[in-house]
Amino acid sequence: MVRSTLLLLLLFNVNAHAQALIHPYGSFCVGQMNVFSFTGPGTVTSWSVSSGATLLSGGTPGASHIQLKWDSPAFGAYVNAYYNNNGYSGGVTYSNINIAASVTPSVSITANQTNICPGASVTFTASPVNGGSSPYYSWYVNGSYVTGGANMNTYTASSLTNGQQVTCVMSSNAPCLTSTSATSNAITINVIDTSQPLAATISGNTTICQSTAPSFSAAVSNATGPITYQWKKNGVNVSSYVAGPPAYVLVLAPGSISTGDVITCSVSSACSASATSNSLTTTVTQPQAFTVSVAPSQINMAPGSTVVFTANSNLPATNYQWSMNGSPVPGATGSTFTTTATSRAALRSVAVSATTTATCVSNTTASGNASIIPFMVSSVTGNKSVAPGGVETYTVNWDWNSTFEASAVVNWSVINGTILSSNKHTATVQWNSPSMFQDAVGYLSVTEDYEGQNAGTSVNIVNRTTQAPEFCDGFQGPPAIFVDFGAGGNPGAPLPAGTSSYTYLNHCALNPGEYTVVNSTANCRSNWLGTQDHTPNDVNGYMLMVDADDRRGEFYRTTVNGLNNAFRYEFSAWVGNLTSIGDDPGLRFEVHDLQGKLLGASADITVPYSSPLQWHKIGFMFDLPNGTTSAQVVIVNRHNNNNGNDMVIDDISFAPCYTPIIASFSPNPTIQHKAQVCANGGTKNLYSWWPTSSIPFSDPRFKWQKSVNGGPWTDIAGATAMNALQTETAPSVYQYRVIAYSQSNPSQMLTSNAITYYVSQLVVEAKTYDVFACESTPQTLNSNVYIKYPDPGGPVLNYTYNWSPATYLNNTQIANPVISLPSLAPPPLTAPAPPPVLYTYTLAAQNTNFGCSGSATQTVAHYNPRRVAVPNAFTPNGDGLNDVFRPVNIWDYPGSEFWVYNRWGQVVFYSQGPNYDWNGTYQSIPQGSGVFVWRVEMAMCSGNLLNSETGDSTPHGNVTLIR
């Protein structure tokens with residue numbers, strides 16, 4: 001505040017005799033009283049005062065003082081006193097008096113904050129009015145004086161409690177005061193309640209469409225002020241915002257969320273400790289394509305028939321609009337459309353469009369159509385049952401006139417056959433010959449494009465190849481199965497479910513397609529022969545009785561296990577023909593794997609009729625595929641007539657056919673026909689025995705032979721007994737067999753089955769892996785570990801791996817780890833190519849099936865290739881300067897390709913290295929001056945190409961040949 005200063009100017013009239021003056025008293029303020037006194041020689045004769053003052057006392061002749069009260073502010077007021085001193089008259093003046101107005105002091109206070117956290121510091125500041133040059137401040141909290149801010153215009157406190165009031169009293173030293181002190185306004189402090197912790201809950205749709213913007217809302221409770229929201233995705237900040245309650249919504253860009261992302265929100269507010277919300281895990285769904293298809297109530301139709309078309313959509317649909325032949329049908333706005341097929345032309349196409357109400361779709365509208373609705377035509381005529389490889393001609397009759405005959409295009413197609421020739425009305429087909437004597441179904445179809453007519457027919461390819469039964473020509477071993485159907489009273493129980501496709505009947509008066517189990521055929525049918533079962537010495541033994549029909553049916557099916565592919569197998573049964581009426585029974589033997597795949601089959605075998613009934617053994621020989629130990633064996637019907645085909649079946653067998661002498665890796669009676677071991681551990685016992693008690697020679701002698709990797713058989717030195725011990729150290733595939741012969745007549749000899757010994761070796765291939773520093777993605781080291789000479793029918797091979805050292809590898813215990821090498825600074829374009837940095841590892845592997853192990857060095861060559869620069873001109877004039885055109889440094893990228901084209905697009909030069917120089921010739925003919933086009937496909941690091949024409953990595957451009 002500016003304080004007024006009163007300037008008193010005393011002017012004296014001095015004579016030669018004495019000095020006179022006027023003395024002021026007190027302050028000069030409006031409303032205050034001031035006394036002025038005269039001192040000097042003589043007596044006052046009169047007083048005079050400027051206007052604006054009220055005379056209170058004195059001021060009369062002879063009075064030595066005057067008392068005044070100033071009524072209003074003034075500048076330049078005066079007081080005069082006139083006196084007489086011994087006849088001398090004079091005067092004295094007190095002039096230029098400034099009268100100041102009265103002032104009232106006041107003070108106001110402010111605080112830097114009034115809503116505070118507990119224990120927070122608050123600073124109060126006093127602003128005085130009329131405080132004078134040295135105002136004095138006293139601070140009070142709830143009316144109590146505090147010493148912290150004595151005589152200071154600020155006061156800071158950090159221990160205020162909720163509701164306390166702070167005031168300030170100021171004492172002023174300014175002049176003309178109406179009072180000497182003033183009290184400020186009161187400031188009430190609000191201390192925020194922090195007894196309840198801050199909490200945040202986020203919500204939002206966690207199943208998100210890929211094409212929509214996902215949003216999440218955060219609701220915060222117990223906030224103590226403005227809230228800072230920090231949204232995170234998978235722990236990484238994605239959005240920050242400061243706002244007050246209520247909830248704050250986060251909206252992200254479409255496609256910014258993936259399935260499995262975790263959304264959280266961390267919040268903080270004034271005095272509260274920060275809090276983290278619950279988490280939301282997202283699932284992202286891809287927009288689904290909305291499709292509509294049209295299904296007619298009938299495909300082949302006659303003119304005049306009513307057709308209902310139904311719109312089928314994969315999503316909820318509405319707003320249908322049907323059109324016919326490209327024109328909307330008024331009022332046809334439902335999901336179905338009904339019309340009458342008056343002609344083919346009138347109903348060439350029917351279409352519908354619709355919109356979907358579904359969300360998360362890539363399109364909201366879709367259309368579908370049923371184009372060129374065909375009308376019924378005559379079926380294809382021709383032979384529908386043919387022999388394998390048969391050639392047949394088929395005919396179709398179109399419903400069209402001569403115009404259509406000339407214009408229509410006809411297409412024939414066939415399944416399980418070959419079209420030898422065709423025209424618009426006929427096709428000649430040669431049907432396929434299915435393998436393993438199997439039947440098949442072919443299909444011949446034909447279409448025409450003028451009106452959309454079509455036709456087709458199925459054709460049965462029936463294989464009627466027959467064969468004589470075949471049996472084991474050696475010694476039959478113990479059967480894997482032998483089915484004699486048991487014994488008991490009539491009828492026997494039905495076969496287990498799945499054994500036969502025929503229907504069981506509990507008596508023997510069978511009809512086609514039925515079977516039963518009986519111990520006698522007597523009195524079943526009047527025209528059937530009577531017989532007992534075939535099994536020798538089987539009292540009341542059962543047999544399977546079948547009245548077969550004209551379809552392929554299964555008489556009997558079962559599973560066999562424990563098979564050994566060292567031997568062939570005989571699949572056989574005893575069958576009797578019950579009647580002379582109609583055709584003789586026909587059967588076929590089939591072997592399937594456990595998944596139903598056909599492994600082998602006989603041709604058709606016919607059972608002749610004889611009276612009295614004779615049992616006939618029929619069957620065939622089968623070679624097991626390598627590694628097959630289980631199979632399904634099936635006897636099927638191969639008769640094509642319900643008339644006749646009545647039979648009994650007994651003693652079904654699937655048995656190995658042994659050689660005259662048996663070889664094995666295990667002693668009798670276990671036949672082990674193969675074994676496997678790691679190299680350097682290849683000692684094995686070789687056993688042999690006679691399959692029967694009858695020995696063919698009185699003086700047998702033996703010699704063992706071996707074959708290496710399918711080579712010729714050679715005698716094993718010293719292996720001349722029935723059993724031998726053989727050691728193999730080199731990895732390979734060895735086969736052994738024993739030959740038994742008569743000592744007195746060595747030309748009489750018998751050869752055993754072959755047994756196979758896999759002496760395996762684990763191979764770890766030493767490799768060098770080229771890694772280029774300019775490729776940003778880590779490189780996978782694809783090692784090559786394998787077993788040499790494995791058993792092809794053996795178990796799945798498993799391995800363990802160990803890479804060392806572990807430097808830069810993501811995993812040392814897998815076959816193909818990923819290596820992440822340190823980055824290298826790109827070399828200068830014109831510098832020599834730097835050699836690769838080599839990293840050497842050892843890969844050790846072990847096969848866990850047999851214990852084979854091995855190791856090899858794996859070298860990683862880290863290349864740092866130079867950039868490839870392609871010039872835009874060259875001068876092939878033989879002066880040694882710019883005579884060839886080539887992508888400079890492309891040889892740093894082995895396998896890269898380089899083309900040059902002339903203006904007609906003809907390739908005039910191509911190279912995949914190592915020489916990439918084009919000398920400007922084509923087929924040894926120099927090309928003229930002009931512009932040629934080049935193209936480069938780099939084997940790696942395509943961004944390292946520098947196109948001198950464009951200045952970027954564009955892999956093609958122009959080059960000018962200058963001559």
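**Close-up 1. Arg935 and the ring of Trp899 in a predicted model.** Arg935 lies over the face of Trp899, 3.7 Å from the ring centre. Trp899 has a relative accessible area of 12%; because buried means under 20%, Trp899 counts as buried.

**Close-up 2. The aromatic pair of Trp899 and Tyr910.** The two rings are tilted, with 5.2 Å from centre to centre and 45° between the planes. Trp899 belongs to strand S74 (residues 897–901) and Tyr910 to strand S75 (residues 907–911), so the pair ties together parts 11 residues apart in sequence. Tyr910 is partly exposed, at 37% relative accessibility.

**Close-up 3. A cluster of rings.** Phe874, Phe885, Phe898, Phe909, Trp918 and Phe932 are linked into this cluster by ring pairs.

**Close-up 4. The aromatic pair of Phe665 and Tyr757.** The whole structure holds 31 aromatic pairs. In the pair of Phe665 and Tyr757, the ring centres are 5.8 Å apart and the planes meet at 50°, so the pair is tilted. Distant parts of the chain are linked here, 92 residues apart: Phe665 sits in the loop between strand S56 (662–664) and strand S57 (674–678), and Tyr757 in strand S64 (residues 755–764). Phe665 and Tyr757 are both buried.

**Close-up 5. Phe571 in the largest nonpolar core.** This core has 35 residues, and those that touch the most other members are Phe555, Phe571, Leu587, Ile649, Ile652 and Phe654. Leaving aside residues up to four places away in sequence, Phe571 touches residues including Phe589, Val591, Ile618, Phe620, Val633, Ile635, Ile652 and Phe654. In soluble globular proteins, nonpolar side chains tend to be buried together.

How values were computed. Residues numbered from 1 in each chain as written. Predicted model: local features only at pLDDT ≥ 70, side-chain atom pairs only at ≥ 80, totals over all residues. Heavy atoms only, no water. Core = buried A, V, L, I, M, F, W, Y, C linked by side-chain atoms within 4.5 Å. Buried < 20%, exposed > 50% of the residue type's maximum accessible area, 1.4 Å probe, protein only. Contact = heavy atoms within 4.5 Å. Phe/Tyr/Trp six-rings, centres within 6.5 Å; stacked < 30°, edge-to-face > 60°. Helix = DSSP H or I, 4+ residues; strand = E, 2+ residues; numbered from the N terminus. Lys NZ or Arg CZ within 6 Å of the ring centre and 35° of its normal.
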